[in-house]
Amino acid sequence: MATQTPQRRRRTSRNWKLSMPKHPGLDYLMLRIAIFVLVGIGVVMAFSATMTWSVIEGNTVWAQAFRQTLYVVLGLVAFWLALRTPFSTVKRLTPWFLAFAGILTMLVFVPGIGVGRNEVGSQSWIVLGPIRLQPSEIARIAVAMFGALSLANKRPPRTLSEVRLNNPFVIYILISMVFFGAMIAEGNLGVAMTFAVVVGFTLFFAGINWRVIALAVTGAFVGLIFVFLGGGYRGERFTTFFGAFTGNFTDTRGSAFQSYQGFLSLADGSLTGVGIGQSRAKWFYLPEAKNDFVFAIIGEELGLFGGVLVILMFVILGIFGLRTAMRAQNQFQSLLAATLTATVASQAFYNISYVIGLMPMTGVQLPLISSGGTSTVVTLGAMGLLASVARHEPEAVSYMQSYGRPLFDRVLMIPEPTVAVPSARAAAGGQRSRERSGRRQPARRPQQTRPEQRRADQRFGTAVTSRSRTSSSVSARSAHNHSHSHPNQKGQPGTWRQRPIRH
């Protein structure tokens with residue numbers, strides 16, 4: 001059998017790569033699949049896990065399930081609005097959104113408005129008439145968006161002499177410290193730690209020196225040691241974590257009650273689960289079955305297969321979210337996509353980890369699945385921004401301009417995405433301002449040459465909006481392109497019963 005020469009092997013490899021099916025809208029498609037599958041699982045779990053709470057409130061068994069479904073509908077509306085909103089509008093509204101989150105965070109400390117200290121041990125909610133909000137959920141997304149806006153195209157300080165109060169990185173860190181301190185004052189250590197993770201990811205993606213992040217992680221670790229040594233219920237959570245990690249619970253009727261019941265739920269589910277709606281844990285055995293420990297109910301009712309499906313959807317969300325960040329139009333969209341992806345993925349990782357005993361237990365919800373109004377609406381709105389970045393990838397824009405929008409966009413009347421191109425007047429004004437400032441700016445990206453444009457046309461076709469109906473040559477080239485294109489710890493109402501172990 002004749003061997004191929006190196007040149008022939010390179011040619012064969014290049015032809016194989018060119019013949020592989022390519023879909024410029026793959027990130028947009030996979031993100032929507034992961035988000036909607038997780039939301040669907042969350043709605044099903046809401047109908048299953050909220051029965052006890054509805055009974056406690058004296059309502060029908062489906063009362064809280066219908067309420068959570070309403071929140072999901074509002075979240076999907078926020079998702080749709082985020083897809084339709086131009087990024088110029090997102091930039092303009094981000095400071096106002098941050099100010100709104102700051103006002104809500106301060107209202108938590110106003111007597112008569114902030115609640116939760118007596119119910120769950122942390123002053124984390126505000127009540128304004130019939131509206132009940134958790135400002136920390138809003139603040140987490142608002143600070144992530146503000147970080148993407150203020151740190152995009154900015155160079156982080158390299159030396160101490162560059163650290164000034166007017167530096168965008170210093171301003172962002174100071175604002176984040178204010179929100180972090182407010183969450184600590186609320187008594188919500190778990191949410192504060194996840195907020196710190198969001199800030200750390202934002203600074204990391206913006207290019208700050210890794211030594212600064214390593215120093216912050218070391219400080220957080222030392223702080224957790226002091227929390228453990230300080231005793232109290234937070235110290236007991238660390239003791240429970242060490243027991244759960246080794247499989248040796250010492251106080252199954254006290255501090256380790258919730259973690260132990262979560263383990264029993266996962267064990268009852270086995271491989272295929274006991275069936276949807278057939279969980280025993282939700283009937284006054286497992287506290288917070290609809291919120292913090294909803295993953296234990298998933299493991300009990302859907303078994304190992306259901307738990308793996310949820311983890312797989314979050315992995316897909318993380319992979320294609322970061323892929324979207326690397327393929328985004330500009331640094332603002334890239335930083336926004338990376339930060340929002342890290343926000344949701346890290347929160348999901350931490351929630352699942354403490355349910356299965358790999359992390360100390362805190363009050364962190366499972367995003368897109370746990371029952372909760374503020375978290376559901378805000379998270380779905382943030383995922384709408386992430387999906388919007390995916391559909392604005394340059395290749396996705398070119399593909400949609402050539403072959404039209406996908407069915408999802410046409411049905412929901414989402415306009416065709418565009419590439420932001422500054423006008424000649426704006427470019428001239430920016431050039432004059434740079435000349436006046438006297439600062440050296442990076443070289444502008446050169447325009448595509450004719451051969452490069454021709455290769456782009458051969459790959460995606462000539463944009464529909466730029467085709468001339470009277471030019472036969474353009475029509476012929478378009479037909480040629482189409483002929484070669486591919487197809488397209490908390491409050492425990494009532495008395496929690498010790499569950500007998502199923503043999």
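## Helix packing: H5 and H7

In this predicted model, helix H5 passes helix H7 in a left-handed crossing. H5 covers residues 87-107 and H7 covers residues 135-151. Two packed helices are described by the angle between their axes and the distance between the axes. For H5 and H7 the angle is about 145 degrees, and the axes are 9 Å apart.

On the H5 side, the contact is made by Val90, Lys91, Thr94, Pro95, Phe97, Leu98, Phe100, Ala101, Leu104 and Thr105. H7 contributes Pro135, Ile138, Ala139, Ile141, Ala142, Val143, Met145, Phe146 and Leu149. By residue class, the contact of H5 with H7 comprises 16 nonpolar residues, two polar ones and one charged one. Lys91 of H5 is part of this contact and counts as charged because Lys belongs to that class.

## The sheet

Three strands, in the order E1-E2-E3, make up an open sheet with antiparallel pairing. Strands E1 (114-115) and E3 (131-133) are at the edges; each has a single partner strand, so one side of each lacks a neighbour in the sheet.

E2 spans residues 125-128 and pairs with E3 in the antiparallel sense over three bridges. Within the sheet, Val127 is placed opposite Arg132 of E3.

## Aromatic pairs

The model contains 13 aromatic pairs. One of them joins Tyr28 and Phe408 in an edge-to-face arrangement, at 6.5 Å centre to centre and with 75 degrees between the planes. Tyr28 is in helix H2 (residues 26-49) and Phe408 is in helix H17 (residues 407-411), so this pair ties together parts 380 residues apart in sequence. The relative accessible area of Tyr28 is 2%, so Tyr28 is buried.

Phe47 and Phe66 also form an edge-to-face pair, with 5.6 Å centre to centre and 90 degrees between the planes. Phe47 belongs to helix H2 and Phe66 to helix H4 (residues 63-84), so the parts tied together here are 19 residues apart in sequence. Phe47 has 25% relative accessibility and therefore counts as partly exposed. Phe66, at 51%, counts as exposed, because the cut-off for that class is over 50%.

## Aromatic cluster

Tyr28 and Phe408 also belong to one aromatic cluster, together with Phe36 and Phe79.

Technical notes: Residues numbered from 1 in each chain as written. Predicted model: local features only at pLDDT ≥ 70, side-chain atom pairs only at ≥ 80, totals over all residues. Heavy atoms only, no water. Pairing = 2+ DSSP bridges. Helix = DSSP H or I, 4+ residues; strand = E, 2+ residues; numbered from the N terminus. Axes fitted to C-alpha atoms, helices over the stretch in contact; angles between N-to-C directions. Left-handed = near helix turned anticlockwise from the far one by under 90°. Contact = heavy atoms within 4.5 Å. Phe/Tyr/Trp six-rings, centres within 6.5 Å; stacked < 30°, edge-to-face > 60°. Buried < 20%, exposed > 50% of the residue type's maximum accessible area, 1.4 Å probe, protein only.
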